[in-house]
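User: I am new to this structure. Please walk me through the terms, and show how each value leads to its label.

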Amino acid sequence: MLAKQAWRILSNPTSLVTWVLKSKYFPTGDVLNAKLGSLPSYSWRSIYSSLEVIKNGSRWRVGNGKLIHIWDDRWLPTLSTYKVISPPNGNPEFPMVSALINPITKWWNVNLVRATFLPFEADTILRIPLTHNMLEDKIIWLGNNQGEFTVKSAYHIAYNLIEAKKDGECSSGDPYKSLWKRLWHLNLPAKVKIFAWRACVNGLPTMEAICSRGISNNSGCPICEKAPESINHALLSCDFSTLVWNQWSENPLGTQEVRWSFIDSAMFILSHHSQPDLEFFFGIAWAIWYNRNKVVHEESCLSHQQVWQLAKSVVEDFSNAVDWDFSQGLFLSNGTPHPQVFSRLTLMGQSRIMVGTLVLE
Ligand SMILES: [Zn+2]
């Protein structure tokens, strides 16, 4: 299979064939970012066509960071896309991962990483180990557990790519690009946006996900105990979740049987309905998950009406608070907390207000 040849070029940068092709087609970069060129040879054209398979089945392991593009390449040790999801900081002087590494300490430039990425993503990056001898960045294969390239695993990835295209998704790579783009501009607290993204990329620690990693052997839904707890079950089709969704009278998905995955439901709302609808959709899902975590970790539970109210306030209070000036102070002149401060504290689950140590998100 041609993908195997492309893989050999990637993993053996010093071989003769790599050297010949490199000098002609990708003199400045790595093969994954190579262009087809104006008069490609037959063999190069063939290898080039299999690069998409390689791109979808591999990620970078950070060495000195010089070959890895921060925003375009797959280099994070996270499931799903392996790509950075923090919105780009618009600074074109910092395109490569090496810019995030302090050349003297040979460790991450912590302040820069924290200033550039969303908090949870900064944490992920700062946990990536760096070696003291700053080796070259390396491509690793993700198609199977062993990290070894095999034709069979490449075939699976090629097959999934073809299936994805058949479904009418765009060929530029990520069919959900429009969703990611919109997600970070929604009027929602950062924690809800991060939750929404994790739910869309199958990144929530559901019982089913925990089981598949061998950490537990009980995949059952902790709320209804009737079905395995997948993301779709937890957020959309669990009996309890259905009761919450039924409270949303303008639900664009209707109240009929849930047929779509979470991400497809979000895509549907994105392309057919208004931004507030999408904000409500994510807000409700977040509140459902918040309650589910309460059940799992605190053994307490809200009613479906309370979950609905929580969702409503997380969406509505945030849009009201967007243009609220915090310099007005946290308290009214009579000494009582400002109503918005109060509602936000209630939302955060604080039962007491401690003057002097008041912390807003
Ligand atoms: Zn359930």
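**Labels and their cut-offs**

Analyst: Helices (H or I, at least four residues) and strands (E, at least two) are DSSP runs, numbered from the N terminus. This is a predicted model, where local features need pLDDT of at least 70, side-chain atom pairs count only at pLDDT 80 or more, and totals for chains, interfaces and linings use all residues. Residues are numbered from 1 along each chain as its sequence is written.

User: How many helices and strands does the protein have?

Analyst: The protein has 16 helices and four strands.

User: Why is lysine 106 called partly exposed?

Analyst: Count the other C-beta atoms within 10 Å: lysine 106 has 13. A residue is buried at 20 or more other C-beta atoms within 10 Å of its own, exposed at 12 or fewer, and partly exposed in between, with C-beta atoms placed from the backbone. So lysine 106, with 13, is partly exposed. Its phi is near 55°, a positive value in a residue other than glycine.

User: What makes asparagine 202 partly exposed?

Analyst: Asparagine 202 has 17 C-beta neighbours inside 10 Å, so it counts as partly exposed. Asparagine 202 sits in the loop between helix H9 (190–200) and helix H10 (207–212). Just after H9, this residue takes a positive phi of about 60°.

User: Why is H9 called largely enclosed?

Analyst: Eight of the eleven residues of H9 are buried, so the rest of the structure largely encloses this helix. The buried ones are Val192, Lys193, Ile194, Phe195, Ala196, Trp197, Ala199 and Cys200. For the whole protein, 26% of the 361 residues count as buried.

User: How do you know whether H13 and H14 are roughly parallel or antiparallel?

Analyst: The axes of helix H13 (residues 262–272) and helix H14 (residues 275–298) come within 8 Å and cross at roughly 160°. Angles under 35 degrees count as roughly parallel, over 145 as roughly antiparallel, 65 to 115 as roughly perpendicular, and the rest as oblique. H13 and H14 are therefore roughly antiparallel.

User: Which residues make the contact of H13 with H14?

Analyst: H13 brings Ala266, Ile269 and Leu270, while H14 brings Asp277, Leu278 and Phe281. Two residues are in contact if their C-beta atoms, placed from the backbone, lie within 7 Å. By class, the contact has five nonpolar, no polar and one charged residues.

User: What puts the buried residues of H13 on the same side?

Analyst: Phe262, Ser265, Ala266 and Ile269 of H13 are buried. They cover an arc of only 100° around the axis, so they lie on the same side of H13. The arc is that of the directions from the helix axis to the C-beta atoms. Ser271 and His272 are exposed on the other side of H13.

User: What covers the buried residues of H13?

Analyst: The cover includes helix H8 (177–183), H9, helix H11 (231–237) and H14.

User: Why is aspartate 317 called partly exposed?

Analyst: Aspartate 317 has 18 other C-beta atoms within 10 Å, so it is partly exposed. Aspartate 317 belongs to helix H15 (residues 304–321). Its C-alpha atom is separated by 9.9 Å from that of asparagine 187, 130 residues apart along the chain.

User: How much of the contacts comes from residues 24 or more positions apart?

Analyst: Such residues account for 56% of the contacts in the protein with a separation of 6 or more.

How values were computed. Axes are lines fitted to C-alpha atoms, for helices over the stretch in contact, and angles run from 0 to 180 degrees between N-to-C directions. Ala, Val, Leu, Ile, Met, Phe, Trp, Tyr, Cys and Pro count as nonpolar, Asp, Glu, Lys and Arg as charged, and the others, Gly among them, as polar.
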